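Subject: A structure to look at

Hello,

Here is the structure I promised to pass on. Please open it first, and then read my notes below.

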Amino acid sequence: MTDLPSGGMRMGRREVTRLLAAVLGEDAAPMDLVVARLHEADSARWVMDALVPRSELMSRSGARREDFVRWKDDAKASFAHACGDPVLVTATFLDYATSIAAALDRGHGLITSIPASEIVGMLDRIGPLLPAEWRDMFARARQRV
């Protein structure tokens, strides 16, 4: 939760994300929403909540490339259904970006047709703002692009 000093009013995560989307505008890129959300005081908790469904795959040492492709495809489908809801767009884009970073980190190469230069930009913008565990994974992924 984030405190608003002006009135002592507290806002939940959904409200914070909606406010960020309103400030950034309707045409804000999903990555911009994620970056803005990662600057909030409760961002570490938000990241953990958003990525908890992926923790089993991340802890599995023998995860195959196909597992990460399935994760990416699932995140991409969720993203498509999230359009119009900045809260879901933000969380599903983080999920999508993390699937790409995780595959790279595990040595499975690029699992998307997005140009490597754009992936580098994504890893460089999102990675440093993440909690340590995820930040380190994004940094290792960046070295493997």
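A word on terms before the notes: a residue is called buried under 20% relative accessible area, exposed over 50% and partly exposed in between, using a 1.4 Å probe and protein chains only. This is a predicted model, in which local features need pLDDT of at least 70 and side-chain atom pairs count only at pLDDT 80 or more, while totals for chains, interfaces and linings use all residues. Residues are numbered from 1 along each chain as its sequence is written, and side-chain values use heavy atoms, with hydrogens and water left out.

Let me begin with the salt bridges (a side-chain nitrogen of Lys or Arg within 4 Å of a carboxyl oxygen of Asp or Glu). The whole structure has 12 of them. In one, the side chains of R54 and D74 meet at 2.7 Å, N to O. This pair links distant parts of the chain, 20 residues apart: R54 sits in the loop between α3 (43-51) and α4 (55-59), and D74 in helix α5 (residues 65-82). Helices here are DSSP runs of H or I with at least four residues, numbered from the N terminus. R54 counts as buried because its relative accessibility is 13%, whereas D74, at 38%, is partly exposed.

Within helix α5, D67 and R70 are three residues apart, so about one helical turn separates them. Their side chains form a salt bridge too, at 2.8 Å from N to O, and D67 is buried at 8% relative accessibility. Both belong to a network of salt bridges that links E56, R60, R64, D67 and R70.

Now to the helix packing. The axes of α2 (residues 30-38) and α6 come within 9 Å and cross at roughly 90 degrees; these axes are lines fitted to C-alpha atoms over the stretch in contact, with angles from 0 to 180 degrees between N-to-C directions. That makes α2 roughly perpendicular to α6, a label for angles of 65 to 115 degrees. The contact (heavy atoms within 4.5 Å) is made by P30, M31, L33, V34 and R37 of α2 and by P86, V89, T90, F93 and L94 of α6.

Finally, have a look at S99, which lies in helix α6 (residues 86-105). Is S99 buried or exposed? It is buried, because its relative accessibility is 0%. Leaving aside residues up to four places away in sequence, S99 touches F68, W71, K72 and I111.

Best wishes

Definitions and conventions. Helix = DSSP H or I, 4+ residues; strand = E, 2+ residues; numbered from the N terminus. Parallel < 35°, antiparallel > 145°, perpendicular 65-115°, else oblique.
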